[in-house]
Amino acid sequence: MTAAEVLAEFAPAAALCPALPAWDGELSGRLLMAPMAGVSDAAYRLMARAGGAALAYSEMVSCAGLYYGEKSWELVDPDPAEPEIAVQLFGSKPELFRESAERVATRLGERLALIDINMACPVPKVTKKGEGSALLENPALAADIVRACRSGAPDVPVTVKIRRGRYMGQEVAPEFARAMEDAGAAAVAVHGRFATQMYHCEADWGAVSRVADAVGIPVIASGDILSHDAARRVLAETGATAVMVARGTYGNPWVFSGHEPSVAEKVAAFECHVRLLEATGAHLKRARSLAGWYFKGMPDAARWRNAAMSCVTADEFLAVAAEVRAHVCPEACS
């Protein structure tokens, strides 16, 4: 089955919509699926879009990887069922960004919604190369990167994702965002933590407000948006134009619509997601993490999670789902 066929047949049972509307470029009030390393593959993006995400991002993709090899293009290419995607790039060399932006725009054409530049990743193996959140300490270079992307893909919106700052107590986000706006960024996403905090402690949505007050371009809020209600609160409280949801999507594609799924719908969503992994050619071991996320909070959740850890094929994962349905929601089997 193709991914489109999977959605048509199996999404409705999970209270998901198989018809994916095209991105219209409008950010106001929208909920977006964030780029997540090791998570945001085509199947994950399709689930998010079926759940109501206005747009979904690729994993962050190395400009050097796109320039020097072919493997990284697997992270960029959308599945035929995806109307379009946003592609997030990372690196530190403006010329590689220019070349990558041009190649991505040429390859994806009208299916490329925007190019986002990662200036937020806190992982040491990224920052030690001057990439990700390390760019927060070098606004001149960061601005050159934005200009390079715009030069390579002049017809594609270029956005940036940043954090409050790199080090605790040293917030640079408002002035840094102004520099990105001056360089031509179409929007800025703000994660309300310092890079050295990684993903610990609470995100400060006040940082989003301060950036929104500092710039005239749209601001996208990020960090600790774990529910639909939280998304709506951050929009109301910060002046953000849109919201980017990351961990809040784990086992919860309904976070974008606010639908409260039944247990049967959660099981059906897991089954749909597994079938999408197979249809898109993804590594099926990814379903092991998905099982933990979708089955969380169910009776005997640890049992089902452990059962999934030994699965290899789609049929094996679907057999676990059938067992969950039989034990947890037997009325669905009648």
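Which element gives the largest share of the lining of the largest pocket? In this predicted model, the largest share comes from β2, with three residues. The largest pocket holds about 740 Å³ of space. Its lining is made up of 35 residues, and M36, A37, M60, C121 and Y199 are those that lie nearest the centre of the pocket. Two or more lining residues are given by each of β2 (55-62), β3 (85-90), α6 (124-127), β5 (158-165), β6 (187-194) and β8 (242-245). When the lining of the largest pocket is divided by class, 20 residues are nonpolar, six are polar and nine are charged.

The second largest pocket has a volume of about 330 Å³. Here the lining consists of 16 residues, with D41, A42, E74, T280 and A282 nearest the centre. The elements giving two or more residues to this lining are α2 and α4 (73-76). By class, the lining of the second largest pocket comprises four nonpolar, five polar and seven charged residues.

Rolling a probe the size of a water molecule over the atoms shows where empty space is left. With a threshold of 30 Å³ or more, the count comes to one cavity. The largest cavity contains about 50 Å³ of space. Y44, M47, A48, T249, G251, P253, F256, H273 and Y294 line the largest cavity. Helix α2 (residues 42-51) supplies three residues, the largest share of this lining. Six residues of the cavity lining are nonpolar and three are polar, while none is charged.

Helix α2 also packs against helix α11. The axes of α2 and α11 come within 8 Å and cross at roughly 140°. α2 and α11 are therefore oblique to each other, and their crossing is right-handed. On the α2 side the contact involves A42, A43, Y44, L46 and M47, and these meet A269, C272, H273, L276, L277 and T280 of α11. The contact of α2 with α11 contains nine nonpolar and two polar residues, with no charged residues.

Helices α11 (residues 263-280) and α14 (residues 314-328) pack with their axes 10 Å apart, at an angle of about 175°. Because angles over 145 degrees count as roughly antiparallel, α11 is roughly antiparallel to α14. In α11 the contact is formed by V263, A264, V267, A268, F270, E271, V274, R275 and E278, which meet A314, F317, L318, A321, A322, V324, R325 and V328 in α14. This contact of α11 with α14 has 13 nonpolar and four charged residues, and no polar ones. The charged residues in the contact include E271, R275 and E278 of α11 and R325 of α14.

Helices α7 and α8 form another packed pair. The axes of α7 (residues 139-152) and α8 (residues 173-183) are 9 Å apart, and the two helices pack at an angle of about 30°. This angle makes α7 roughly parallel to α8. The crossing of α7 and α8 is right-handed. P139, A142, A143, V146, R147 and R150 of α7 make the contact together with F176, A179, M180 and A183 of α8. Eight of the residues in the contact of α7 with α8 are nonpolar and two are charged, whereas none is polar. R147 and R150, both on α7, are the charged residues of this contact.

Most residues other than glycine have a negative phi. D224, although not a glycine, has a positive phi of about 60°. The position of D224 is in the loop between β7 (219-222) and α10 (228-238). D300, likewise a residue other than glycine, has a positive phi near 60°. D300 lies in the loop between α12 (286-294) and α13 (301-308).

Note on methods: Residues numbered from 1 in each chain as written. Predicted model: local features only at pLDDT ≥ 70, side-chain atom pairs only at ≥ 80, totals over all residues. Heavy atoms only, no water. Axes fitted to C-alpha atoms, helices over the stretch in contact; angles between N-to-C directions. Helix = DSSP H or I, 4+ residues; strand = E, 2+ residues; numbered from the N terminus. Parallel < 35°, antiparallel > 145°, perpendicular 65-115°, else oblique. Left-handed = near helix turned anticlockwise from the far one by under 90°. Contact = heavy atoms within 4.5 Å. 1 Å grid on protein atoms, 1.4 Å probe; cavity = no way out; pocket = protein on both sides within 12 Å on 5 of 7 lines; lining within 4 Å. Points joined across faces, edges and corners; volume = space filled by probe spheres on them.
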